[in-house]
Structures are given as C-alpha cells and as structure tokens.
Amino acid sequence: MTRLAAHAPLIALLLALSLAAPPVAAQDGAPLDGTGGANDPGDLDKGLDLLGEGMRKLFKGLGDEIQPRMRDFAEAAEPVLSRLMDLIDDLDAYQMPERLPNGDIIIRRKPDAPPLADPDHADDIEI
C-alpha cells in the first residue's frame, strides 16, 4: 500500500470536515473594519497562501511517487502500443475494445470502414 493510499481516508475526512465546518465568529471583540482581529484580510491571505503551499507539497509528493511507476509503465507498454499502431490504420475505423468472458480483448473493425489493403500484396513493387 502506498504512503498516500494509507493516509487517503484521513485526508478525505480532514478535507470534508474543513469544508463542512461553518465559520467561527470572533470572540475577542476585534473590529470588523480590517484593522486587525479575526476578519483581517491579511489573515485570510496568509491562510490561503498556507493552503496553497500545502497543496503544492501534496501534489509534488504525489508526482514524485507516481513518476517512476509511470516511466516503468511507458517502457513496458511502448512495444505493445507500437505494434498495435502498426496494425491499426485509422482509429476511427474501429469500435471500442471489448473484453470477452475468457479474458481476451478484441477490437472490431466498424462495418462501414473502408476495406484494408491486401497484406499479401503490400510489399509488392510495381515496375
């Protein structure tokens, strides 16, 4: 289990609680005119800056954790995708992939797609 996945329920709970909690009224009697106290716009800016910094750190951590896995996936998938693209002439000529009950995945050509070139004569050269 990844480090993030282990903390996902806690992160979700904290996010839900922070969004669901109503604003708390100031109890110190500070003026509401922006000269200080709980409603000071500077405090809101500082809070938003801290929230933004925390989100940047979270996403950087996610990126650092995911990047090696994505690189490994891309290296493993490259030969398969390359071969698939060699076989498929035009993606619009094919239906969505379908998984059969036995686990095979098929990609059917659309009935109205133009005919394929004859593969037996594809390498022939006219002189």
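Two exercises with worked solutions follow on a predicted model.

Residues are numbered from 1 along each chain as its sequence is written. In this predicted model, local features need pLDDT of at least 70 and side-chain atom pairs count only at pLDDT 80 or more, whereas totals for chains, interfaces and linings use all residues, and side-chain values use heavy atoms, without hydrogens and water.

**Exercise 1.** Determine the order of the secondary-structure elements in the protein chain, and locate the kink in helix α2.

*Solution.* Step 1: Helices (H or I, at least four residues) and strands (E, at least two) are DSSP runs, numbered from the N terminus. The protein chain holds two helices and two strands, in the order α-α-β-β from the N terminus.

Step 2: Helix α2 covers residues 41-87 and has a kink of about 40 degrees at Ala77, shortly before Pro79. The bend is the angle between axes fitted to the seven residues ending at a residue and the seven starting there.

Step 3: Ala77 is also one of the buried residues of α2, with Leu62 and Glu65; buried means under 20% relative accessible area, exposed over 50%, and partly exposed in between (1.4 Å probe, protein chains only).

**Exercise 2.** Identify the salt-bridge partner of Arg108 and state where the two residues lie.

*Solution.* Step 1: A salt bridge requires a side-chain nitrogen of Lys or Arg within 4 Å of a carboxyl oxygen of Asp or Glu.

Step 2: The partner is Glu98, with the closest N and O atoms 2.5 Å apart. Glu98 belongs to strand β1 (residues 98-99) and Arg108 to the segment after β2 (105-106), so the pair ties together parts ten residues apart in sequence.

Step 3: Arg108 is partly exposed at 39% relative accessible area, and Glu98 is partly exposed at 34%.
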